[in-house]
Every structure is written in structure tokens, then in C-alpha cells.
Amino acid sequence: MYAWPASEVPVLPGKGRDLRIHDTATGGLVTLDPGPVARIYVCGITPYDATHLGHAATYNAFDLVQRVWLDTKRQVHYVQNVTDVDDPLLERAERDGIDWAALAEKETALFREDMTALRMLPPQDYIGAVEAIPGIVPLVERLRDAGAAYELDGDVYFSVESDPHFGEVSGLDAAAMRLLSAERGGDPDRPGKKNPLDPMLWMAAREGEPSWDGGSLGRGRPGWHIECVAIALDHLGMGFDVQGGGSDLAFPHHEMGASHAQVLTGEFPMAKAYVHAGMVALHGEKMSKSRGNLVFVSRLRQDGVDPAAIRLALLAHHYRADWEWTDQVLEDAVARLGRWRAAVSRPDGPPAEALVEEIREALADDLDAPAALAAVDRWAALQQEQGGTDEGAPGVVSRAVDALLGVAL
Ligand code: 5CA
Ligand code: ZN
């Protein structure tokens, strides 16, 4: 489906650094060395409510990954999905008495607007679960025919034991996995499963729910993890550079997805780095659609908040940290934006070359956006206090902030 328009990314003088990033699977930093086309898959929204700041923070992290790569003069192949059919979406549509497809369409449209306003780079392939179904069915059939999946009352489950590498993404023990599985869409207590952790690949049609032709699987709809795997394999293939999402996706979603892909292809690993962003909280609890403690990007925009300030508020936190959204966070960002805009709106200023290198260095070091902001702060303070004679320096800063941080000054 259509994604959203791309904002121009200025090309900076010199060359960026290779990205060193935290990989959940190894628990440490890895320096990625993508080919001429870096490949990234980022899990998209389940469109049953508007984009909140937690979503925006996660997408901001993966936007930075791409900006670092682009600055090394590579191309980026970015794929994102939309989980436009799943239990939570159907439940919300039922609760509100609206059509599930119309709900998905409406919230996806709003997400596009929010992403555009925040200057997030669009994926080249933006794929809905529904449109991916014809590609999902043969994968499930293959897993079943290979003995890696089994049927239970018409539903088809993946056997986690079929992947010798199962567990290596999250590194969790069985007890922790079981707990998280129950919390995050799994059904560990369903009788008849070979392993309580086995996730569903194909759900047989239920009364009153949408269903699609599943070939030899019968009518039904896809499970969640196979959705992302089908899309990733179709558009990126195995061994892509980054699989991204919030930390709540490490298990089960990315663990199961990696296992599906590894069993399907016989190759390992699915991704070179599994990268997870921290959770944004509001009033002490993780912002989540199910809890309803949300601050929406669209709401802030309606209230007249400059999207560049929202983006700066996100950038003020390290992507791996869990943090809390407060009015103060936004006020600080608005103030910073004002200082930066004043600083670049003069024809000359302090030299900018070192600043560009500092931003590059900070971002290449596990996306240390707060350090990048601090560097720009120092330049802006110097500009304000002493000014400078370098002609064009403010323009260089403005383009660097745009290219590397996605903030238009
Ligand atoms: N559609 C699936 C992924 S295939 C899904 O998780 N959708 S979502 O709408 O629930 O979340 C979209 C992205 O936002 C995920 O990467 C999720 O980890 C991230 N996310 C959700 N809540 C927060 C939060 N409070 N803070 C940071 N990131 C969050
Ligand atoms: Zn996903």
C-alpha cells in the first residue's frame, strides 16, 4: 500500500560513520557493515487507535538508523508492515460498532499524516497483513509439510522445537517466555499444544470474523509473527541488517519470527541485529492502547505543537531507555527548537565542521541522540553568546540537523 511522502535528506560534505548498535540477540554492540543497500524491517502499527508518542519514539529510532546509513552514501531498503487484521483490531471495531477494515484504514491514514509531519522516512515497501495473505499461505503450508507445524482443531501452530536457535533472540528462560507469551497475544494454556509456547500460524475462520482463502489450510487468517516474516522474506530476503521494534516485541514476536524464517530457509540468522527501543510511559505506566494512557501525535499537532518540537522531545531520550512523557519534556523541546532556529537564522556563526563530526560520531555510537543534541546546544550557545565569522556555518548546521536528526530548522 501507499506509505507517505519522503522529505528530502540533504547530502552532507564528507562521509558518515558505520553504525554500531545494540543487538538484543548477542546482548552487546555490533558494528554493522551493510552492502551498498542496507536492509531494514521495522514492525508497523496495529491500526486500531491513533499514533501515540511511544510509537513515534520507536519509529524515530529506526529513522535515525537509516539517516546514519544514508550519510555513509549507502542506499536503504526499508520495509514496514501494517497489522491490519488481528485480534485487538477486531475487538476494538466490535466494541465501537464499526467496520474493522474502515477502522484500520482510518488509523493508518492518520499514522501516515503523523509520520509525514515528523519527517520520518517512508518505507519503500509498506505492506498490509491482508494484502500479504497470498504470500503467507504457502509459507505455512511449507512449514506444515516439513513437520515444523501441526494442526489443532483446524488452527495451525508452529513448533518452536523445530528451530535449534529458538530462544536466541530474547535469551529468556522458559518460565519468562511463558509469562510474556500469555501477556502478548499467545495462548500457552490452550490444551493440545505440543509446547505451550508454540505460536499460531493460521487461525481457522471464526464465526463473525473476517477470513480468507487459505488453500489447503482452509479459510482463516494469518498469525501475527508469520505476517512479518512473509513480508520481510518477500521484500528483503534472509540475513537483512536490522529487525526493529519496541522492546515489547523482542519476545514473542521477533523470537518467533526469526524461528519461522530460519526453519523456512535453513539459513541463520534472519537479521544481523535485533534492535529494540525502550518503552515510553505516561503517569508511570507504559503508554499502551490497551491501557488508554496515551498522548497522541495528532492531538499535539491539533493543539498547534510544531512537529519539529515533538521530534526533538523524542530525540532528547536515548532510544534504548525507558522514559516518561511529561509536559516538561515538550516544553524543553519547544525551547530548544527556538534556540536552534535563532542560532541558524544568521548568515555566519562559529565553525560547523567539528559539530557535524560530533553529531555523526554520537549517532554512529548506538544512536546517541542526546549526545548529538548536546553538541548542537553547545554550538547554538556559542552562536548566541559570541557569534562567529564563518560564513555559511548556520546553513551547514541546519542541513546536518535535517539530514541526521530529521529536524527542519
Ligand atoms: N503491529 C505490531 C507489530 S508487527 C505492533 O506491535 N503494533 S503496535 O501498534 O502495537 O506497536 C507499533 C510499534 O510501537 C511496535 O514496535 C511497538 O513495540 C512500539 N510501541 C508500542 N507502545 C510503545 C511505547 N509505549 N513506547 C515505545 N514503543 C512502543
Ligand atoms: Zn511485526
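Leu404 is part of helix 13, which spans residues 393-405; helices here are DSSP runs of H or I with at least four residues, strands are E runs of at least two, and both are numbered from the N terminus. This is a predicted model, in which local features need pLDDT of at least 70 and side-chain atom pairs count only at pLDDT 80 or more, while totals for chains, interfaces and linings use all residues. Residues are numbered from 1 along each chain as its sequence is written, chains are lettered from A and ligands numbered from 1 in the order in which they are written, and side-chain values use heavy atoms, with hydrogens and water left out.

Is Leu404 buried or exposed? Leu404 counts as buried because its relative accessibility is 2%, where buried means under 20% relative accessible area, exposed over 50% and partly exposed in between (1.4 Å probe, protein chains only). Leaving aside residues up to four places away in sequence, Leu404 touches Leu12, Leu64, Arg67, Asp71, Ile359, Arg360 and Leu363, a contact being heavy atoms within 4.5 Å. The C-alpha atoms of Leu404 and Val65 are 9.4 Å apart, although 339 residues separate the two along the chain.

## Around ligand 1

Now to the ligand. Among the 24 residues around ligand 1 (a heavy atom within 4 Å), Thr58, Thr83, Asp248, Met287 and Lys289 come nearest. Helix 1 gives the most to this shell, with 4 residues.

A nitrogen atom of ligand 1 is 2.8 Å from a side-chain N or O atom of Thr58, and a nitrogen atom of the ligand is 2.8 Å from a polar backbone atom of Gly44.

Terms used:
A polar contact is a pair of N or O atoms within 3.5 Å; within protein, one must be able to donate a hydrogen and the other to accept it, and residues adjacent in sequence count only if both atoms are side-chain atoms.
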